[in-house]
Amino acid sequence: MLASLYAASASARRAYYKGAGRQRRLSQPVVSVGNLRVGGTGKTPTVAHLARLLIEMGERPAVLSRGYGRRSAPDGVVVVSDGRRLCADLDRSGDEPLMLARAVEGARVLVSRDRYLAGRLAETHLDATVHLLDDGFQHLTLARGTDLLIVGPEDLADARTLPAGRLREPLTAASRAHAVLVEADTDEQARTVASSLGVSDGFRLVRTAGAPLRLDAVRATVPIRGAAPVLAAAGIARPERFFDELRAAGWDVREAIGFPDHHRYSRDDAARLADRARAAGAKAIVTTEKDLVRLLPFRPMPLPVAWVPLDVSIEPAPAFRAWLAEHRIAVSNVAGPRERQRPGV
């Protein structure tokens, strides 16, 4: 009963904001990346991948984020990166925006409750030519020209909405997307899922664990692979997935410790992790890139710490790049298509 009421409410909200004049519109194109499911689906690494693609295309992307989990959320806009340097700390930015700012050189990253305001600042002061709306599928107050929806196997296996299931909206909402990104084994499977959801374009989302890096030497490879025993720690939506990926990659995981998503580590946490690692016979602590930014304040750590970046690609890469090149110029405008303008031109 409650799930039916929740689904009806979500559908009514979407219909309301699709009404004429109810969405705010930025001058530059908006590409939204989102999902239907509560929990981790790889949105942030996907946003990073898209930002890099747009930079390669000659764009100046601005990532607009809500900044969930910030300790300090002042009114207005926090510029985490202006495209050249970091401008905010973890407390003011949140872990995912700070991770994006560190990972994608050249991307503007802004945090605000009002993402329209953040976009206007990016256009007028940071020379942004396109916006990436992080976790934006349900952020209906801001118009967008392109909606990318990440779909996982769990979405199709359990199509119940909250509170009975894990979906924020009914599966029928997926038809509003311009393309779906599917964790599938083949390109054909991704296209089949897209078609089943009423979406014309579907691409395959591929997750790959990157080369491990050191906390105390950010760009150095960590010599603790293979048989070296480690303690794995993660404060993300689905920590068990990270632990399984480590084991599958050949890591000797002596103990795995999960924390809630966006967990803010304390110095006591860092000390306890080191104690648990020593007790388990581990020689190092391995964590995620998202956890890394929350552990940086506690350097030097009692034990060596490595993180494993999650690399995302969208396949087939040439086809998606061509698709994005065509769709990134879309500007949502009630009066219809118009010529795209760049700030200052």
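Modeller: Rings of Phe, Tyr and Trp (its six-membered ring) pair if their centres lie within 6.5 Å; planes under 30 degrees apart count as stacked, over 60 as edge-to-face and the rest as tilted. This is a predicted model, where local features need pLDDT of at least 70, side-chain atom pairs count only at pLDDT 80 or more, and totals for chains, interfaces and linings use all residues. Residues are numbered from 1 along each chain as its sequence is written, and side-chain values use heavy atoms, with hydrogens and water left out.

Biologist: Which aromatic cluster does Phe203 form with Phe320?

Modeller: A search of the whole structure finds six aromatic pairs. One aromatic cluster is formed by Phe203, Phe320 and Trp323.

Biologist: Why is the pair of Phe242 and Phe243 tilted?

Modeller: Both Phe242 and Phe243 are buried (under 20% relative accessible area; exposed is over 50%, partly exposed in between; 1.4 Å probe, protein chains only). Their ring centres are 6.0 Å apart, and the pair is tilted because the planes stand at 55 degrees.

Biologist: What is the angle between the planes of Phe259 and Tyr265?

Modeller: Phe259 counts as buried because its relative accessibility is 17%. Tyr265, at 4%, counts as buried too. Their pair is edge-to-face, with 5.2 Å centre to centre and planes at 75 degrees.

Biologist: In strand S5, what is the bridge partner of Val33?

Modeller: Strands (E, at least two residues) are DSSP runs, numbered from the N terminus. Strands pair if DSSP finds at least two bridges between them. Four bridges join S1 (residues 30–35) to S5, and the two run parallel. Val33 has as its bridge partner in S5 Asp134.
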